[in-house]
Amino acid sequence: MRKNRKLHGVSLVILMASVLLAISFSLQAGDFTQEDLERWDKEFMTVVMKGDKLFHSALGTNKVSCDQCHPNAANTHPETYPKFQQQIGRVVSLFEMVNWCIQNPLEGDPLPADDPKMAALLSYMTYERRGVPLAPGKH
Amino acid sequence: MNMNRRAFLKTTGAGLITSAFPLSLVKIAFGGQGPSQDFTFGYISDAHIQQIQGNNFVRNWDMGLIRAVREANLLTPRPDFFMFGGDLAQLGKKEELDHGLEIMSSLRGKVRYVIGEHDYYLDLGEYWQSKIGPLWYSFDHKGVHFVTLNSILTYDSWVHKKWPSPMDRMLAMARLDNPQGSPFMVGGEQLTWLKKDLEKVNRSTPVVVFSHSPIQKIFKPWNFWTEDAERVQALLKPFEKATVIYGHVHQIEYNQIGNITFHAVMATAWPWPYPESYSQKASCMPKLTVHMNRADPFFERDATGWQFIEMRKGKVSMHYQLPDNKNRSVVFNSKTGKPQDVNYQGYGSRIPPQTHY
């Protein structure tokens, strides 16, 4: 009896495992719906809007905002990064230039690269440049 | 009168001046030996003095205006007068206007002012008028008729809509890329005044108009635009020589529409991107304009500056004084009937930093 019960237990585990496997296979790449697309787009645009707000607010200590020099994030050129930033002397990602601006004209503290605020700023800047071909390294 | 370069340098500390100050500025000053009616004036614009709190103001913008005033004070002989082209303040506050006027007070010579939207939309020009003077006026100088316009008015429905506070209205207009903004205009009352003012002026008298916004339509989303520009242009059309000098755009721009020559002036505070740098909307940048060099943000004053202007035979020669950059000169060419950059106008003579994208 005990052996039988154990066998039952094992087969139950195998059965459950195969069901889980089947489910996870059905969730593999390629299988997403129109609703998913709309949700992901909405998630992205929410962050873009958050970035828009941040871009137009005082991120440092002197009330200066990014848009004072970069209306519609113009002249930020997200499509050209990473690139050799001659004033820094090495190849940098865009977040480093965003931090340079926060620290210098805005007289504030830099944001960690993975700060949600940084993701929002980069999302807004890139969205305002949508459709422009990538030109990594271009000065 | 025979002028040489030495005569234009201050006798004391000339060495210091030449080292701190681009020599080309001095050359320009003694370049002209035209008729006695020719004269010079200086033009400083868009200082955007911004209060942080109390006596604390944004250092960067303060330094831009201070530098322009200091450099302009070195001009010898003195220009006949100076113009300030608007946006002395960032948010139209008394503290900002007072602080800006204090810096301007060390400028040696007569100064006249053009109002900008950043000076206006907090109290609709009330403090400005009490401290500086009327928002539009005209004057004559050595045979030239000058007109200063308030070109940053807009629709009453926008000005008087239910704002939570006057500062909310100011902030809405101060944001250049505000999709809920409103286009600039001169408006009916001022147009009627301008028509009357110009009726008294002989058609052969050179006319120069000072405005904050361009009296031409370049890019509406950032108000590089005046809604009723054509109506002002129509009033200038009968004159043999007409010029419009405007601020607001923080960049080198020039154009020729019929008989009217247009020149923009630089900001002392910060440069703005050319509208074509914003890829989502079409703009109408004058083809004639050779762009200023792209700004290097690591040099705080790069792509800012002020102007030294010669009136020669009733037309403008615009000399841009550009810290950390080569100065630029845009001069009216009577043969082509257009303003032209003296060094960079031909496509072959342009340099890579003048390409904006």
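**Close-ups of chain B**

**View 1. B:Trp158, a partly exposed residue.** B:Trp158 has 16 C-beta neighbours inside 10 Å, so it counts as partly exposed; the cut-offs here are 20 or more for buried and 12 or fewer for exposed. Keep in mind that this is a predicted model. B:Trp158 sits in helix α8 of chain B, which covers residues 156-159. Now look for B:Ser182: 24 residues separate B:Trp158 and B:Ser182 in sequence, yet their C-alpha atoms are 6.9 Å apart in space.

**View 2. Strand β11 of chain B, covered on both faces.** Here we zoom in on residues 260-264, the five residues of β11(B). Five of the five are buried, so the strand is largely enclosed by the rest of the structure. Side chains in a regular strand alternate between the two faces of the sheet. On one side of β11(B) you'll find B:Ile260, B:Phe262 and B:Ala264, and on the other B:Thr261 and B:His263, all of them buried.

**View 3. The parallel partner, β9(B).** Strand β9 of chain B (residues 242-246) runs parallel to β11(B), and five bridges join the two. To get your bearings, pick out B:Ile245, which stands opposite B:His263 of β11(B).

**View 4. The antiparallel partner, β10(B), and its hairpin.** Strand β10 of chain B (residues 254-257) is joined to β11(B) by four bridges, and this pair runs antiparallel. B:Asn255 has B:Phe262 in β11(B) as its bridge partner. Together β10(B) and β11(B) make a hairpin, with two residues between the strands. Check the turn for B:Gly258, whose phi is positive, at about 60°.

Definitions and conventions: Residues are numbered from 1 along each chain as its sequence is written. Chains are lettered from A and ligands numbered from 1 in the order in which they are written. This is a predicted model: local features need pLDDT of at least 70, side-chain atom pairs count only at pLDDT 80 or more; totals for chains, interfaces and linings use all residues. Two strands pair if DSSP finds at least two bridges between them.
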